[in-house]
Amino acid sequence: MVKKWISVILSAALIGGLTAGCGQAEQKTETEQNTGLANTELVDSAIEHAKTVEDSGGYVYTGEAPVTKDGGSIRILAQTSNYTNVDITKAPIVLKVFEEAGVEPDWDLIDYDDYEAEASKVISSGDTDADIIKIPDSDPNQDYIKSGLFVPLDEFFDYMPNFTRWLSENPVEKAELTAEDGHIYYVAGINVADDYQPCLMYNQVWLDKAGIKAPQTLDEFVQMLRCFKENDMNGNGDTDDEIPMSVMEEFLPYMFGPAFGLDLVSGFQADKDGKVTYAYADGENYKKYLEFLNGLYREGLLEKDYASLDRDGVIDRISKDLTGVAFDFSWAMSMMYSNVLPYYDGTEATAFVGVAPLKGESEGFYVGRNSLAGRFGVSTKSQQIELAVKFLDYSMSGHCQDYYQWGIKGESYIENADGSREYTEQGNDNDWLQQFGINPSFVFPAFQSVEATDILVADWHAKINRQLRAYIRDPWPEIYSTSKESDTVNLYLPDIQTKAADSAKGFITGTMDIEKDYEGYLTGLKEAGLDDVIAVRQAQYERYLKALQSN
C-alpha cells in the first residue's frame, strides 16, 4: 500500500525542492567546474547537436530491432561481472542484444568492486568518451544531473517508445526517476523488492538432530545456539569444532534490529506519531540491541572474527558442516548454501532453510529493498546522442528483458506446450548461466524476475520465499532532497554513519563499555550534526505524510 503512494509523495518532494530553489543563486559544484561549461550550456549544446543528426534513408526506430540501419558502435562505461569467471563482454545474451540492435559494442569496463569509487572520478572529471554510462550510485543529490553531465531523456522521448510506455505503466518508479528540475535523466533496472530478500536460515539437519523447532524469539534463539555450540552436531566426534552461527557483520542489523523495533538497515524511521528518529541513536532500544550482541560475543555464540567474515568464508564452513545458522539474501538458500552441504539431497529436510524473523519485545520483520536498481544515462559529450538514446531504449525493452531473465530459447530454457518455461540442464548450472549473461545488470538496465528465479531455485526454496513475503517491510521511502537538504546531509551524515559503525563494533566486542560509554556515544552523534540531519528527514517525512493525507 505504501508503495502506491510514493509517486504522490515524491511529486510533493519535487515541488518542495523547486520552491526552495527559487530566488537563490547556487554556486557551481566541483564537477561543474571540471566540465568547463555550466549545466544548461552542456545540455542545450548536446540536444542541439543530437537533433542535427539523422539516420540516412529516413529509417524510423519504433522500439523494435534494429535501432538503426546505418550500423555503428556504442561505447558503454559500465562494470565487470561480480563473478570473477564471467566475461560479460562475451556473454551470448549481451551479444544477442547488440546483434539485433545492429550496432557494435565498444566497452569501457571497470572492475566490479572498484566501480563506485573509480567511475565516480571518471564521470565527475568528464574524462570519458562513453555514450552510455552506468551511474555508480543513485545520484541521490543529483550531482551529475546538476553538473550537466547527462542528457534529459524526456527531451528525446520520441526516440524512446519502450521507456515511455514503461513509465506510464509504473508511476511510482517514474516519480522516483524524476529529478528536481522535472526532467528524467536515467533509465533504471528493477530489483525484486519483496522477494528473495535477506533472511535468517537454519541448518535443518542440525535442528532435527537437536530435536527443536526453528526459534521464534531471541531467548529461544540463544538456547539453540548454546545447543549447537556444546554438542557434536556434525557427528565427527569433535564437540569443539561447531560454529553455532556464521553471519557477516553487514547482516547483523538486518537480523537482530527488528526484534528491538529498529530499522537499522534504513537507519531513519518514524513512529506512529510521525516523529523521525535515527535508529542508531535510540537511547533505549539500540542500547538493548548492543547489549544482546555483546552477550552473544562474550559467550562465544557470535564468533570473535565476525567482522572479517565474508561470503566465501560462510560457504566454506557450510561445506564442511561446521555451522548451523546463516543470514544472507534468500538467493543463497539453495543456490550457494544448501547445495554445498555434504548431505544435501535436494530436499528441504537436508537444507539451509529460511525462516520467519525473530521476535523480541517487538514483532520481527525483514527490510525489503527499493525497486529501482542500476541507473544508466546518456552522456552530453556523446557525438551520437540519438543513437545512444535509441539503443538505451531498446536495451530496456520487454523483448530484451526476456533475454535478461531467461536467456535464449533452446539454449538456456525451453518452452512447454502449455506456454510455461523451464531452464535446460545447462541453464540449471548457475556458473554456466552467469557466463551466458543472465541478468546482465552490470551493463544493461535489467529487471529481475520472480518467476524466473522461482524456477531456477529449488521448489522448496520458492515455497519459502512466498511465505516470507508476509514479513517484508518497505524501507525508508526515497524522497528527493532540496539543494539545501542535500548540503546538510552530505556535510554531516557520512561522519555520523562512520561513528555509528565504529562504535557498534566497539560495544559488541567490549572494547567500549556500554554502561560507561553509551551516553558519550549519543552525545558524539549530536556533536556530529545528527539533530540537523534529523530535521531534514523530519521535513521530508512531513511532506510524505501531507501527500498521503491529500490522496
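## Basis and overall make-up

Residues are numbered from 1 along each chain as its sequence is written, and side-chain values use heavy atoms, with hydrogens and water left out. In this predicted model, local features need pLDDT of at least 70 and side-chain atom pairs count only at pLDDT 80 or more, while totals for chains, interfaces and linings use all residues.

The protein has 22 helices and 14 strands. Helices (H or I, at least four residues) and strands (E, at least two) are DSSP runs, numbered from the N terminus. Of its 551 residues, 52% count as buried. Buried means under 20% relative accessible area, exposed over 50%, and partly exposed in between, with a 1.4 Å probe and protein chains only. Among contacts with a separation of 6 or more, 77% come from residues 24 or more positions apart. A contact means heavy atoms within 4.5 Å.

## The five-stranded sheet

An open sheet holds 5 strands in the order β2-β1-β3-β11-β4, with mixed pairing. Two strands pair if DSSP finds at least two bridges between them. Neighbouring strands are turned by 20° against each other on average, direction ignored. Helix α5 (residues 115-125) packs on this sheet and touches β1 (73-79), β2 and β3. The direction of α5 makes about 135° with that of β1. Axes are lines fitted to C-alpha atoms, for helices over the stretch in contact, and angles run from 0 to 180 degrees between N-to-C directions.

Strand β1 is mostly covered, with 6 of its 7 residues buried. β1 and β2 run parallel, joined by 7 bridges. Arg 75 has Asp 106 as its bridge partner in β2. The chain gets from β1 to β2 through helix α4 (residues 92-101), a right-handed β-α-β crossover. Right-handed means that, with the strands pointing away from the viewer, the path from the first strand over the helix to the second runs clockwise. Leu 77 is another bridging residue, with Asp 108 as its partner in β2.

β1 also pairs with β3 in the parallel sense, over 2 bridges. Here Ile 76 bridges to Ile 132. Strand β3 (residues 132-134) runs antiparallel to β11 (residues 372-378), with 3 bridges between them. In β11, Val 378 is the bridge partner of Ile 132.

## Helix α20

Helix α20 (residues 483-509) has 27 residues. From first C-alpha to last, α20 reaches 39 Å, close to the 39 Å expected at 1.5 Å a residue. The expected span is 1.5 Å times one less than the number of residues.

A kink of about 35° lies at Tyr 492, shortly before the proline Pro 494. The bend at a residue is the angle between axes fitted to the seven residues ending there and the seven starting there. Just after α20, Gly 510 takes a positive phi of about 90°.

## Backbone exceptions

Most residues other than glycine have a negative phi, and most peptide bonds are trans. The bond from Ala 65 to Pro 66 is cis, with omega near -5°. Pro 66 sits in the loop between α3 (39-50) and β1.

Tyr 196 has a positive phi of about 55° although it is not a glycine. Tyr 196 lies in the loop between β4 and β5 (198-203). It counts as buried, at 6% relative accessibility. Asn 439 also has a positive phi, near 45°. Its place is the loop between α17 (430-436) and α18 (450-456). At 25% relative accessibility, Asn 439 counts as partly exposed.
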